[in-house]
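Subject: Structure handover

Hello,

Here is the structure for you to look at. My notes follow below it.

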Amino acid sequence: MIVDDILGNKKAGTYLDIGAYDPRRLSNSKRFYDLGWRGNVEPSPARFERFPQERPEDINLNVGLSDSAGTLTYYDVVPNVFSTFSKERVKQLKAQSARINAEIEISVITMKDLFVEYLNQATVDFCTIDAEGMDLAILKGNDWSRFRPRVICVEVSLEQPYQVGGEDAESIQSLLSTVGYNKHSVTAEFGVPLNEIYVSAI
């Protein structure tokens, strides 16, 4: 609803849902898919299988993102909502009794590569990033002089202070501020911040 308000209830557009997780559950993009918007990125092969089935008109990409292209170990965590490429995040999760179900080598590209190779340099209206400790690395992998989503929503931690994989909310805000984004709002549940929403100032 916040994004709808910022974008003037746009009827069709492009979203970039990085770490999409599920076609319906805990989805930041399902609402927009139903309105006719398109886009998606999910690195887990197992999680990805449902997207072409349940959202066949989407631009479904089974790929990981980081600040440089290559291969990273993807940690399939139980509960799977916490699965991640971040070694630091895995250490935290193990300390909280999470279990590592599998370690999978997955190819990763940069956000810049994603725009060039898969999105035909399209204008993205809404970018949502939920990558369990990889959010800052993903943002660093973009060419902000060329590719500028109008609205960016970044996950923040369920713990305070926000500290995931060596990064923090201040680092993300500093990067986005440097490339011309203003913080618009923060969503919360039971008083705990969940997402920060930024709007391009250019």
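**What was found**

This is a predicted model: local features need pLDDT of at least 70, side-chain atom pairs count only at pLDDT 80 or more, and totals for chains, interfaces and linings use all residues. Residues are numbered from 1 along each chain as its sequence is written, and side-chain values use heavy atoms, with hydrogens and water left out.

**Aromatic pairs**

The structure holds five aromatic pairs. Rings of Phe, Tyr and Trp (its six-membered ring) pair if their centres lie within 6.5 Å; planes under 30 degrees apart count as stacked, over 60 as edge-to-face and the rest as tilted. One of the pairs is F32 with W37, which is tilted, at 4.7 Å centre to centre and 50 degrees between the planes. F32 counts as buried at 4% relative accessibility. W37 is buried too, at 0%. (Buried means under 20% relative accessible area, exposed over 50%, partly exposed in between, with a 1.4 Å probe and protein chains only.) F32, W37 and F126 form one aromatic cluster.

W144 and Y181 make an edge-to-face pair, 5.5 Å centre to centre with 75 degrees between the planes. W144 sits in the loop between helix 7 (135–140) and strand 6 (151–155), and Y181 in strand 7 (residues 181–189), so the pair ties together parts 37 residues apart in sequence. Helices (H or I, at least four residues) and strands (E, at least two) are DSSP runs, numbered from the N terminus. Both W144 and Y181 are buried.

Three strands form an open sheet with mixed pairing, in the order 2-4-3. Two strands pair if DSSP finds at least two bridges between them. Strand 2 (64–65) and strand 3 (70–78) are the edge strands, each pairing on one side only. Strand 3 runs antiparallel to strand 4 (residues 99–109), with nine bridges. T71 has S107 in strand 4 as its bridge partner.

Strand 1 and strand 5 (residues 126–129) run parallel and are joined by four bridges. I18 stands opposite I129 in strand 5. From strand 1, Y15 and D17 point one way, L16 and I18 the other, and all are buried.

**Pockets**

The largest pocket has a volume of about 840 Å³. On a 1 Å grid over the protein atoms alone, a pocket is an open set of points where a 1.4 Å probe fits, with protein on both sides within 12 Å along at least five of seven lines; lining residues have an atom within 4 Å of a point. Grid points are joined across faces, edges and corners, and a volume is the space filled by probe spheres set on the points.

Of the 40 residues lining the largest pocket, L26, V81, D130, E132 and E155 are the closest to its centre. By class, its lining has 21 nonpolar, 11 polar and eight charged residues. (Ala, Val, Leu, Ile, Met, Phe, Trp, Tyr, Cys and Pro count as nonpolar, Asp, Glu, Lys and Arg as charged, and the others, Gly among them, as polar.)

The second largest pocket holds about 260 Å³ of space. F32 and F126 are among the residues that line it, including also M1, R31 and C153. Helix 1 (2–6), helix 2 (30–35) and strand 8 each supply at least two residues of that lining. The lining divides into seven nonpolar, four polar and one charged.

**Buried aspartates**

D58 lies in the loop between helix 4 (50–54) and strand 2. D58 counts as buried at 9% relative accessibility. Its side chain reaches the backbone nitrogen of G39 at 2.6 Å.

D125 is in the loop between helix 6 (111–117) and strand 5. D125 is buried as well, at 3%. Its side chain makes a polar contact with the side chain of K10 at 2.7 Å. A polar contact is a pair of N or O atoms within 3.5 Å; within protein, one must be able to donate a hydrogen and the other to accept it, and residues adjacent in sequence count only if both atoms are side-chain atoms.

**Backbone points**

Most residues other than glycine have a negative phi, and most peptide bonds are trans. The V78 to P79 peptide bond is cis, with omega near 5 degrees. N9 is not a glycine, yet has a positive phi of about 55 degrees. N9 is partly exposed, at 45% relative accessible area. Phi of Y21 is also positive, near 70 degrees. Y21 is buried, at 11%.

Best regards
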